[in-house]
Amino acid sequence: MAERDIAGRDEYLRRMSPVELQALIELVVVPESWMFRDAQAFVAATDFLRARLAARPARTLRVLSLPCAGGEEPYSLAMALADAGVAPGACRIDAVDLSKVALARARDGLYTRNAFRGDDLAFRERHFVAEGADYRIDAALRARINFAEGNLLTIDSVANARCYDVIFCRNLLIYFDEATVAAAIAKLGALLADDGLLFAGYAEVPAFCRHGFEALRQPGAFALHKLGVDGPAPARAQPPRKARPVRPPAARPAPLAPPLAPPAAAPRPDLRPPASPAAPAPQDVRAMLADARTQADQGAFAAAAATCQAVLAGAPDTAEAYFILALVSEFTHDQAAAEGHLRRCVYLQPDHYDALCHLSLRVAQDGNPDEAATLRQRAARVYERRHAGRGVGA
């Protein structure tokens with residue numbers, strides 16, 4: 001608006017042109033990604049796709065990566081499939097994004113060191129060629145992917161109904177208001193095969209579970225399937241003898257996988273922190289929180305809640321314990337308690353990004369769009385501060 005000498009948003013929208021809209025898109029999109037981000041998602045997707053190929057070897061599988069940013073996500077899946085011995089023609093990967101700049105970088109396939117994180121970068125030696133300080137991906141892998149410009153909300157879900165076996169849609173919904181979240185999930189549900197898998201960002205899993213999806217017990221993968229559909233679980237296929245097994249990099253410890261919803265009749269755990277005087281040592285707190293995450297990942301909600309209560313009994317200012325309790329509350333359908341725990345978490349740790357994202361979705365659903373927008377802005381500022389100086393080469 002400043003560059004166009006326009007004072008108000010209404011006037012800006014009236015004068016919006018395709019060229020201006022594209023310039024705005026390039027300004028506001030978040031291009032941050034890297035190879036094998038949340039590595040377990042690629043392991044789970046590869047196992048699922050190989051199992052489908054084993055059951056129906058003549059069929060060409062289809063995968064959608066949206067938004068695909070600079071291509072890091074679809075290329076990671078292409079590398080995982082290649083390492084697992086999946087033939088190039090057996091799986092078609094469609095990669096879609098709004099950003100022309102990101103798509104140009106994806107098609108070029110040239111990446112800075114920022115795209116490679118973690119301790120195990122053996123995949124870079126197998127699939128990339130060094131060009132100065134950068135790395136270009138193998139042309140054969142680029143040929144596996146169809147990059148296209150597109151908007152999830154305008155994709156023809158009738159012509160493409162239930163055509164995708166796997167959809168990656170990660171870290172997109174966190175930028176939407178509740179109405180757009182519902183519309184986006186409806187569109188994704190229409191595109192996904194009834195027995196297919198969808199991979200989300202872990203802060204988005206609760207939103208999918210509110211709109212017709214159910215989380216799977218695969219810690220670190222954040223995989224979901226359509227609720228009420230008798231589709232096959234992602235079985236682990238055995239690798240063929242001569243195929244190299246999938247070896248995603250040993251990424252940093254995966255964030256907490258939101259726990260799964262228990263049966264409707266499951267008892268609701270008591271999530272109130274008990275009063276207890278003994279304060280655990282910091283290393284004990286870290287170990288107890290790790291235990292709580294594992295228990296939550298495995299669906300042991302009462303145990304996870306009890307572990308968090310034990311932490312809070314001696315260390316009542318532990319924000320992460322309140323965050324885990326909030327996730328447990330969400331998936332035991334106690335939304336009021338979830339909101340209370342999230343508010344306590346962000347009070348104790350104002351820059352807790354994931355709690356801010358969850359709370360923004362919670363208050364938006366409660367009909368407080370202004371507060372939700374404020375929380376999203378806070379989360380965006382936290383994100384920007386954490387990634388300042390890393391560059392956008394990822």
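Q: What does "buried" mean for a residue?
A: A residue is buried when its relative accessible area is under 20%, exposed when it is over 50%, and partly exposed in between. Please note that the model discussed here is predicted.

Q: Is R52 buried or exposed, then?
A: R52 has a relative accessibility of 11%, so it counts as buried, because the limit is under 20%.

Q: What does the side chain of R52 meet in a salt bridge?
A: It meets the side chain of D195, with 3.1 Å from N to O. D195 is in strand 8 (residues 192–199) and R52 is in helix 3, so this pair ties together parts that lie 143 residues apart in sequence. D195 itself is partly exposed, at 29% relative accessibility.

Q: Why can side chains pair like that?
A: Side chains of opposite charge can pair when their charged atoms come close.

Q: How many salt bridges does the structure hold?
A: There are 21 salt bridges. One of them joins D194 and K226, whose closest N and O atoms are 3.0 Å apart. This pair links distant parts of the chain, since D194 belongs to strand 8 and K226 to strand 10 (residues 223–226), 32 residues apart. D194 is partly exposed at 38% relative accessibility, whereas K226 is buried at 11%.

Q: Which residues do shared partners join into one network?
A: Salt bridges with shared partners connect R52, R59, D165 and D195 into one network.

Q: Changing topic: in what order do the 7 strands of the open sheet come?
A: The order is 6-2-1-7-8-10-9, and the pairing is mixed. Strand 6 (145–149) and strand 9 (213–215) are the edge strands, each pairing on one side only. From one strand to the next, the twist averages 25°.

Q: And which helix packs on the sheet?
A: Helix 4 (residues 72–83) does, touching strand 1, strand 2, strand 6 and strand 7 (164–168). The direction of helix 4 makes about 165° with that of strand 2.

Q: How many bridges join strand 1 to strand 2?
A: Strand 1 (residues 61–65) and strand 2 (residues 91–97) run parallel and are joined by 5 bridges. Within this pair, V63 stands opposite I93.

Q: What is the order in the open sheet of 3 strands?
A: The strands are ordered 3-5-4, with antiparallel pairing. Strand 3 (110–111) and strand 4 are at the edges with a single partner strand each, so one side of each has no neighbour in the sheet.

Q: How many residues sit between the strands in the hairpin of strand 4 and strand 5?
A: The hairpin has 2 residues between its strands, and G132 takes a positive phi near 65°. Strand 4 (residues 128–131) and strand 5 (residues 134–137) pair over 4 bridges, with F128 opposite I137.

Q: What about R136: which residue stands opposite, and which one meets its side chain in a salt bridge?
A: L110 stands opposite R136, while the side chain of E131 meets that of R136 in a salt bridge of 2.7 Å, N to O. R136 is buried, with a relative accessible area of 19%, and E131 is partly exposed at 36%.

Q: Last one: which residues form a nonpolar patch on the surface?
A: L27, V28 and V29 form it, with about 280 Å² of accessible area together. V29 lies in the loop between helix 2 (18–28) and helix 3 (39–55), and V29 is partly exposed, with a relative accessible area of 30%.

Definitions and conventions
Residues numbered from 1 in each chain as written. Predicted model: local features only at pLDDT ≥ 70, side-chain atom pairs only at ≥ 80, totals over all residues. Heavy atoms only, no water. Pairing = 2+ DSSP bridges. Axes fitted to C-alpha atoms, helices over the stretch in contact; angles between N-to-C directions. Contact = heavy atoms within 4.5 Å. Patch = residues over 30% accessible without salt bridge, like charges linked within 9 Å, V, L, I, M, F, W, Y side chains within 5 Å. Areas by Shrake-Rupley, 256 points an atom, 1.4 Å probe, with all protein chains shown as cover. Salt bridge = Lys/Arg side-chain N within 4 Å of Asp/Glu carboxyl O. Buried < 20%, exposed > 50% of the residue type's maximum accessible area, 1.4 Å probe, protein only.
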